Amino acid sequence: MKIITINKANFSEVQSIYHDGIATGVATFETVVPDWDYWNNNHLPIGRILAIKDDQFLGWAALSAVSKRKVYSGVAEVSVYVSKHFRGQKVGDFLLKKLIIISEQHNIWTLQAGIMRANKASLRLHTNNGFRIVGYKEKIGQLNGIWLDNVILERRSKTVGC
């Protein structure tokens with residue numbers, strides 16, 4: 001596996017994988033795959049990675065700002081999505097590990113994630129990579145008319161912002 005940077009030219013692959021995540025009903029509250037402009041404006045310019053192997057697109061990960069305030073410039077939210085064809089093959093683990101390295105190279109000291117309680121695989125992925133559960137947001141959003149909780153996790157760097 002290797003990573004390439006997500007850009008406008010390969011964004012259709014990101015959209016396809018994002019669609020796979022939406023279809024699970026546990027990956028996101030979104031119900032529509034965003035277009036490039038929306039996605040591009042809502043993710044940091046760093047940490048936009050697409051995993052590929054043998055010319056196949058396996059999954060993607062990206063960072064988003066948690067706040068525009070300067071004090072939170074070293075805090076980012078992670079997104080990790082894996083193609084339905086490659087789940088259970090350590091793609092998510094590969095992506096999250098790369099995203100952690102990239103975040104620390106760019107002086108990000110805390111990574112956050114909000115994961116639906118039913119998404120056991122994603123919760124396990126994050127806790128296996130140094131994230132800890134810090135709480136949950138009860139009935140934070142609706143998906144298909146059902147109120148759902150989001151488990152809140154964070155990972156504090158051991159090398160940045162110590």
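A residue is called buried when its relative accessible area is under 20%, exposed when that area is over 50%, and partly exposed in between (1.4 Å probe, protein chains only). The model is predicted: local features need pLDDT of at least 70, side-chain atom pairs count only at pLDDT 80 or more, and totals for chains, interfaces and linings use all residues. Residues are numbered from 1 along each chain as its sequence is written, and side-chain values use heavy atoms, with hydrogens and water left out.

Gly141 counts as buried because its relative accessibility is 12%. Gly141 sits in strand S6 (residues 132-143); helices (H or I, at least four residues) and strands (E, at least two) are DSSP runs, numbered from the N terminus. Contact means heavy atoms within 4.5 Å. Beyond its neighbours within four places in sequence, Gly141 touches Phe29, Ile146, Trp147 and Leu148 in this sense. Phe29 is 112 residues from Gly141 in sequence, yet their C-alpha atoms are 7.1 Å apart.

Salt bridges were assigned where a side-chain nitrogen of Lys or Arg lies within 4 Å of a carboxyl oxygen of Asp or Glu. The count is four. One of them joins Glu104 to Arg155 at 3.3 Å, N to O. Arg155 is buried, at 17% relative accessibility.

Arg117 pairs with Asp149, with 3.1 Å between the closest N and O atoms. Arg117 lies in the loop between S5 and H4 and Asp149 in strand S7, so the bridge ties together parts 32 residues apart in sequence. Arg117 is partly exposed at 37%, whereas Asp149 is buried at 18%.

Arg132 and Glu154 form another salt bridge, their closest N and O atoms being 2.8 Å apart. Here strand S6 holds Arg132 and strand S7 holds Glu154, so parts 22 residues apart in sequence are tied together. Glu154 is partly exposed, with 22% relative accessibility.

The surface carries a nonpolar patch of Val66, Val71 and Tyr72, with about 240 Å² of accessible area together. Patch residues have over 30% relative accessible area and no salt bridge; like charges are joined within 9 Å, and nonpolar side chains (Val, Leu, Ile, Met, Phe, Trp, Tyr) within 5 Å. Accessible areas come from the Shrake-Rupley method with a 1.4 Å probe, and for residues only the protein chains shown count as cover. Val71 is placed in the loop between strand S3 (56-65) and strand S4 (75-82).
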